[in-house]
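Please consult the sequence and the structure alongside the text.

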Amino acid sequence: MKQFAMLGLALLAQSAMAADVKVENVWMRATVPGQQVAGAYMDITSPENARLVGALSPAAGNMEIHLMRMNHGVMEMREVKTLALPKGKTVKLAPGGFHLMLFDLKQPFKTGETVPIKLTIETANKKREIVEVAAQVRDPSGQMMH
């Protein structure tokens, strides 16, 4: 019995080490009825070189990693397949830069709600892990509720 307990502790320690990617300040703006897309923002810090390679949410039909930027005075937005997460550096997904796009929204997002998102992170040795987060829905201006 003691061996099973030790094995359980070893597995628990192993999964805790694999889940050291820190995701903070996860949020998105409230949407209006009929709106089919929304952006999600967050800060991601990985203890080792890794990449964000995907995201899913039951609240959306599809999610993509996007980059928004100004190019010669014209705003352009495009999908990127992966987002580098350099060791120890916080990568900010924010309005006007990298962010997650949710498409085919299942329902409007109301201020104060949370939206579950699963991030797929791939480490340098090609190991993938899922990090589950909950995006706080803020008012349409992006402000938090008081």
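Patches are made of residues with over 30% relative accessible area and no salt bridge, like charges being joined within 9 Å and nonpolar side chains (Val, Leu, Ile, Met, Phe, Trp, Tyr) within 5 Å. Accessible areas come from the Shrake-Rupley method with a 1.4 Å probe, and for residues only the protein chains shown count as cover. The model is predicted: local features need pLDDT of at least 70, side-chain atom pairs count only at pLDDT 80 or more, and totals for chains, interfaces and linings use all residues. Residues are numbered from 1 along each chain as its sequence is written, and side-chain values use heavy atoms, with hydrogens and water left out.

## Overall architecture

The chain contains one helix and ten strands. Here helices (H or I, at least four residues) and strands (E, at least two) are DSSP runs, numbered from the N terminus. Read from the N terminus, the order of elements is α-β-β-β-β-β-β-β-β-β-β. Of the 146 residues in the chain, 38% count as buried; buried means under 20% relative accessible area, exposed over 50%, and partly exposed in between (1.4 Å probe, protein chains only). Among contacts with a separation of 6 or more, 67% come from residues 24 or more positions apart, where contact means heavy atoms within 4.5 Å.

## Strand 4 and its partners

Two strands are said to pair if DSSP finds at least two bridges between them. Strand 4 (residues 60–71) runs antiparallel to strand 8 (residues 98–105), and seven bridges join the two. Strand 4 and strand 5 form a hairpin with two residues between them, and His72 in the turn has a positive phi of about 55 degrees.

A nonpolar surface patch is formed by Met70, Met75 and Met77, with about 320 Å² of accessible area together. Met70 belongs to strand 4 and is exposed, its relative accessible area being 56%.

## The nonpolar core

A nonpolar core is a set of buried Ala, Val, Leu, Ile, Met, Phe, Trp, Tyr and Cys residues joined through side-chain atoms within 4.5 Å. The largest such core has 34 residues, and those with the most contacts inside it are Leu52, Leu100 and Leu119. Beyond its neighbours within four places in sequence, Leu52 is in contact with residues including Ile44, Ile65, Leu83, Leu85, Leu93, Leu100, Leu119 and Ile121. The contacts of Leu52 also include Lys81, Thr82 and Thr120.

## Salt bridges

Side chains of opposite charge can pair when their charged atoms come close. A salt bridge is a side-chain nitrogen of Lys or Arg within 4 Å of a carboxyl oxygen of Asp or Glu. The whole structure contains four salt bridges, among them those tabulated here.

| Pair | N to O distance |
|---|---|
| Arg51 and Glu122 | 2.3 Å |
| Arg128 and Glu122 | 2.9 Å |
| Lys81 and Glu79 | 3.3 Å |

Arg51 and Glu122 form a salt bridge. This pair links distant parts of the chain, with Arg51 in strand 3 (residues 50–56) and Glu122 in strand 9 (residues 114–123), 71 residues apart. Arg51 is partly exposed at 30% relative accessibility, whereas Glu122 is buried at 5%. Arg128, which also meets Glu122 in a salt bridge, is exposed at 52% relative accessibility. Salt bridges that share partners join Arg51, Glu122 and Arg128 into one network.

In the pair of Lys81 and Glu79, Lys81 is exposed with a relative accessible area of 63%, and Glu79 is partly exposed with 35%.

## Positive phi values

Most residues other than glycine have a negative phi, and most peptide bonds are trans. Asp104 has a positive phi near 55 degrees. Asp104 is located in strand 8 and is partly exposed, at 47% relative accessibility. Lys126 likewise has a positive phi, near 70 degrees. Lys126 lies in the loop between strand 9 and strand 10 (128–138) and counts as exposed, at 59% relative accessibility.
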